[in-house]
Amino acid sequence: MRKRLAAVLLAPLLTLPAAALADTSLGVRAGTLGGGVELSHAFGPHTGVRVNVDAYNRTQSRTEDNIQYDAKLKLQTTSLSLDLFPFANNFRITAGAIVNGNKLTMHGQPTGGTFVINGNTYNATEIGSLDAKVDFNRSVPYFGIGYGRPINSGLSLIFDLGVLFQGSPKSHIDVTCGTTAQCAQIQSDAAAEQARLDDSLHNFKYYPVISLGLAYTF
């Protein structure tokens with residue numbers, strides 16, 4: 001009688017596919033969001049959840065209109081994603097929410113003693129400082145596809161391809177006046193430059209996400 005009862009209780013487990021042995025994995029990855037870590041858990045053959053933290057910093061100098069811009073790009077994102085495995089294998093469809101801390105800041109200084117702002121030339125003494133920054137929406141959705149699921153123990157490949165719907169970035173150009181009586185004109189030119197920059201940033205409201213890494217399932 002006991003053997004029959006045990007067989008009845010264990011039969012559903014024995015008939016489930018091997019993929020149902022869900023587990024947790026920890027991985028590292030690199031891609032267009034920078035480098036980061038990934039914590040993933042599969043609840044069964046068709047669903048799972050992941051948490052990703054990615055970051056990247058880069059500084060670069062560029063000269064334009066007699067102004068040298070020292071730029072710093074900061075990528076910093078944290079995401080919570082729901083994974084769906086429609087075929088009960090490693091292929092996944094992902095939807096999630098991302099806390100977007102990406103930011104670009106720039107500091108401008110003249111290379112030849114003059115600033116050119118909105119086509120108008122100003123002496124370096126007329127400009128106290130010239131700074132700009134580009135911000136993105138703080139909370140944004142993500143959708144994509146990928147490969148990888150924490151089922152079998154050991155190392156496995158993880159891959160993601162998707163889109164971050166970050167909206168149109170917003171810029172801000174801050175110019176302080178030095179020893180000049182043209183402060184109002186300088187501020188007006190800075191506002192015109194900012195408007196043009198905002199128009200050019202509309203193309204970046206969709207950010208491609210590509211990442212590749214390795215995960216270890218416990």
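Contact here means heavy atoms within 4.5 Å. This is a predicted model, where local features need pLDDT of at least 70, side-chain atom pairs count only at pLDDT 80 or more, and totals for chains, interfaces and linings use all residues. Residues are numbered from 1 along each chain as its sequence is written, and side-chain values use heavy atoms, with hydrogens and water left out.

**Stop 1: Ser 171.** Select Ser 171, in strand 12 (residues 170–177); strands are DSSP runs of E, at least two residues, and helices are runs of H or I, at least four, numbered from the N terminus. Is Ser 171 buried or exposed? Ser 171 is buried, at 8% relative accessible area (buried is under 20%, exposed over 50%, partly exposed in between, with a 1.4 Å probe and protein chains only). Now show what surrounds Ser 171: leaving aside neighbours within four places in sequence, its contacts are Lys 133, Val 134, Gln 194, Leu 197, Asp 198 and Leu 201.

**Stop 2: the core.** Next, select Ile 67, Phe 115, Ile 117, Tyr 122, Ile 127, Leu 130, Ala 132, Ile 173, Val 175, Ile 186 and Ala 190. These 11 residues form the largest nonpolar core, a set of buried Ala, Val, Leu, Ile, Met, Phe, Trp, Tyr and Cys residues joined through side-chain atoms within 4.5 Å. Strand 7, strand 9, strand 12 and helix 2 each give it two or more residues. Strand 9 gives the most, three. Zoom in on Val 175: beyond four places in sequence, Val 175 touches Ile 127, Ser 129, Leu 130, Ile 186, Gln 187 and Ala 190. A second, separate core has six residues, including Leu 33, Tyr 142, Leu 164 and Val 209.
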